[in-house]
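I opened my notebook to keep track of what I look up in this structure. I'll go from the overall layout to single residues.

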Amino acid sequence: PYTTLFRSALAAAANVLLQPIVSLLFARAGMLSADGRCKTLDQSADGYVRAEACGVVELQPDTEEELSRALVLVCSSTVNQDGRSSSLTAPNGPSQQGVIRNSIDRASLPLAQYEQHEMHGTGTPLGDPIEVSAACAVLLSSKVTGQRPIKLSAAKIAHGHAEAGAGVVGALQALTSLAHAHGSLLT
């Protein structure tokens, strides 16, 4: 009933760094990169960089007319709680596998169509291997003959960790990356 009332909705997220004490405490805890660069998936990864961000996406119902103009079709969205881990900055591998597997199952798409995996990308020597191992355990579990490589990416490398805005920043980066890969133009 609401789709006849509303043609679209906006989803937004933002992060503003107002209290320097938080960055100081994170630096003392060894969570932040010493040189101010997040080096996710790099041997020299030593922490993340805090960032400010604001992102807005327009969501529209999947009518025939709207689908023909859509830049992206969201087939699935999944959230879970990371569960127990060894530290605040270490992801839980089985929980990571669970959320990836759940999202793929809910999307009802063959794994061969999976092109890119947007990671959280901790930027730490502990967290990155856990996250990559979890992604590989799911995404390579039923290797399809002739399957294209799956690109791993993390918005933190270019934009830093936008904390409350990280989800929309990651989604927009994935959209941009896919648009470039397929020769589409973003408007």
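Before anything else, a note on terms: helices (H or I, at least four residues) and strands (E, at least two) are DSSP runs, numbered from the N terminus. I also jotted down that this is a predicted model, where local features need pLDDT of at least 70, side-chain atom pairs count only at pLDDT 80 or more, and totals for chains, interfaces and linings use all residues. Residues are numbered from 1 along each chain as its sequence is written, and side-chain values use heavy atoms, with hydrogens and water left out.

**Entry 1: the layout**

I looked up the elements and found seven helices and four strands. Reading from the N terminus, I get the order α-β-α-β-α-α-β-α-β-α-α.

Next I checked burial. Buried means under 20% relative accessible area, exposed means over 50%, and partly exposed is in between (1.4 Å probe, protein chains only). Of the 187 residues in the protein, 32% count as buried.

Then I looked at contacts, meaning heavy atoms within 4.5 Å. Among contacts with a separation of 6 or more, 71% come from residues 24 or more positions apart.

**Entry 2: α4 and α5**

At what angle do the axes of α4 and α5 cross? I found roughly 40 degrees, with the axes of α4 (residues 93-107) and α5 (residues 127-139) coming within 8 Å. That makes α4 oblique to α5. For the record, axes are lines fitted to C-alpha atoms, for helices over the stretch in contact, and angles run from 0 to 180 degrees between N-to-C directions. Under 35 degrees counts as roughly parallel, over 145 as roughly antiparallel, 65 to 115 as roughly perpendicular, and the rest as oblique.

I then listed who touches whom. From α4 there are Gly93, Gln96, Gln97, Ile100, Arg101 and Ile104, and they meet α5 residues including Ile130, Glu131, Ala134 and Val138. Sorted by class, this contact has eight nonpolar, three polar and two charged residues. The classes go like this: Ala, Val, Leu, Ile, Met, Phe, Trp, Tyr, Cys and Pro are nonpolar, Asp, Glu, Lys and Arg are charged, and the others, Gly among them, are polar.

I zoomed in on Gln96, which lies in α4. Gln96 counts as buried because its relative accessibility is 16%. Leaving aside neighbours within four places in sequence, Gln96 is in contact with Asp82, Pro91, Glu131 and Ala134.

**Entry 3: the cores**

Which residues make up the largest nonpolar core? I wrote down eight: Val99, Ile100, Ile104, Leu111, Ala135, Val138, Leu139 and Ile150. α4 and α5 each supply at least two residues of this core. A second, separate core has six residues, among them Ala53, Ala155, Ala162 and Val168. A nonpolar core here is a set of buried Ala, Val, Leu, Ile, Met, Phe, Trp, Tyr and Cys residues joined through side-chain atoms within 4.5 Å. In soluble globular proteins, nonpolar side chains tend to be buried together.

**Entry 4: Ala13**

Ala13 sits in strand β1 (residues 9-15). Is Ala13 buried or exposed? It's buried, with a relative accessible area of 17%. Ala13 and Ala164 are 151 residues apart in sequence, but their C-alpha atoms are 6.6 Å apart in space. Leaving aside neighbours within four places, the contacts of Ala13 include Ala53, Cys54, Ala164 and Val168.

**Entry 5: the loop between α2 and β2**

I found Ser33 in this loop. Ser33 counts as buried, given its 10% relative accessibility. Apart from neighbours within four places in sequence, Ser33 is in contact with Lys39, Asp46, Gly47, Tyr48 and Val49.

Leu41 lies in the loop between α2 (20-28) and β2 (53-59) as well. Leu41 has a positive phi of about 65 degrees although it is not a glycine. With a relative accessible area of 41%, Leu41 is partly exposed.

**Entry 6: the loop between α6 and α7**

Glu163 lies in the loop between α6 and α7 (166-181). Its phi is near 50 degrees, a positive value in a residue other than glycine. At 23% relative accessibility, Glu163 counts as partly exposed.
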